[in-house]
Amino acid sequence: MRHPNNREDKKVRVLFVCLGNICRSPAAEGIMKQLVEDNELQDFIEVESAGTSGWHEGDLPDERMRAHGAKRDYDFNSRARQLRKSDLDRFDYIIVMDNSNYTNVKSLASTKEQLDKIYMMTDFSQLYRHDQVPDPYYGGASGFELVLDLLEDATEGLLQAIKEKHTFTY
Ligand code: 4NP
C-alpha cells in the first residue's frame, strides 16, 4: 500500500487537448513543462497532451510547430496519442484549445466531477483576449506564432491558478 503522504498521490496532473495532438497541445505541454521546471515544481505537477482524434497516433509534433518552438528554445518532442475516457479520471485539469475540442471532450464525460475538470486554455489568458487557441494546421507561419504567444501567456496564468489552489511541500 502507498504511504498516505506519497508525493505521487498529491501530484497535480494536467492534460492539454487539441484535435490532432501534433500542433497546439504538444506545444502547450512543452511550454508548461519548461515553466514547471523553471519553478522547480516538476515533482509536483505532471504534464501530458492528447488529441480528440487518433489521426496522428505515435507521430512527433508537426515540423512547423517544432521549428517555431525551436526559435523560442523549446524542444517539442512528445508522441501523439488519442484522448481516452480514463484520462478524465487520471487528470485534474483537462485543458482544451477550442470550442470543438470542448464539445468532444465533454461528450466523453459521464460525471459532474469529470465535467468540472474541463477548461478552455484561454480561461487562463492574462494578456490576450482570444476566446480560443485557433487551429494553425491549414494556415501559415503567423498562425503558429500566434498559438505560441497565446500558450506562453495562458500557461503562466494556469501555473498561477494551480499555485493558488494547491500547496506544494516535500
Ligand atoms: P492540432 O492541429 O489539433 O493543433 O494538433 C491539427 C493537426 C492535424 C489536423 C488538424 C489540426 N489534421 O486535420 O490532420
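Which side chain has an N or O atom 2.8 Å from an oxygen atom of the ligand? I looked it up, keeping in mind that this is a predicted model: the side chain belongs to H56.

Next I checked for polar backbone atoms around the ligand. I found one in C23, 2.9 Å from a ligand oxygen.

**Pocket and shell.** I asked where the ligand sits, and the space it takes turns out to be the largest pocket. I listed the residues around the ligand: C18, L19, G20, N21, I22, C23 and R24, then W55 and H56, and finally D135, Y137 and Y138. Sorted by class, that shell has 7 nonpolar, 3 polar and 2 charged residues.

**Cysteines.** Two cysteines, C18 and C23, are in the list around the ligand, and I wanted to know whether they are bonded. My search of the whole structure for disulfides came back with 0. For C18, the nearest cysteine sulfur is that of C23, 7.0 Å away, and C18 is in no disulfide. I ran the check from the other end too: C23 is in no disulfide either, with the sulfur of C18 as its nearest at 7.0 Å.

**Buried or exposed?** I looked up C18 and found it buried, at 2% relative accessible area. C23 has 5% relative accessibility, so I noted C23 as buried too, the cut-off being under 20%.

Methods
Residues numbered from 1 in each chain as written. Predicted model: local features only at pLDDT ≥ 70, side-chain atom pairs only at ≥ 80, totals over all residues. Heavy atoms only, no water. Near = heavy atom within 4 Å. Polar contact = N/O pair within 3.5 Å; in protein donor to acceptor, adjacent residues only side chain to side chain. 1 Å grid on protein atoms, 1.4 Å probe; cavity = no way out; pocket = protein on both sides within 12 Å on 5 of 7 lines; lining within 4 Å. Sits in = over half its atoms within 2 Å of the grid points. Nonpolar A, V, L, I, M, F, W, Y, C, P; charged D, E, K, R; others polar. Disulfide = S-S within 2.5 Å. Buried < 20%, exposed > 50% of the residue type's maximum accessible area, 1.4 Å probe, protein only.
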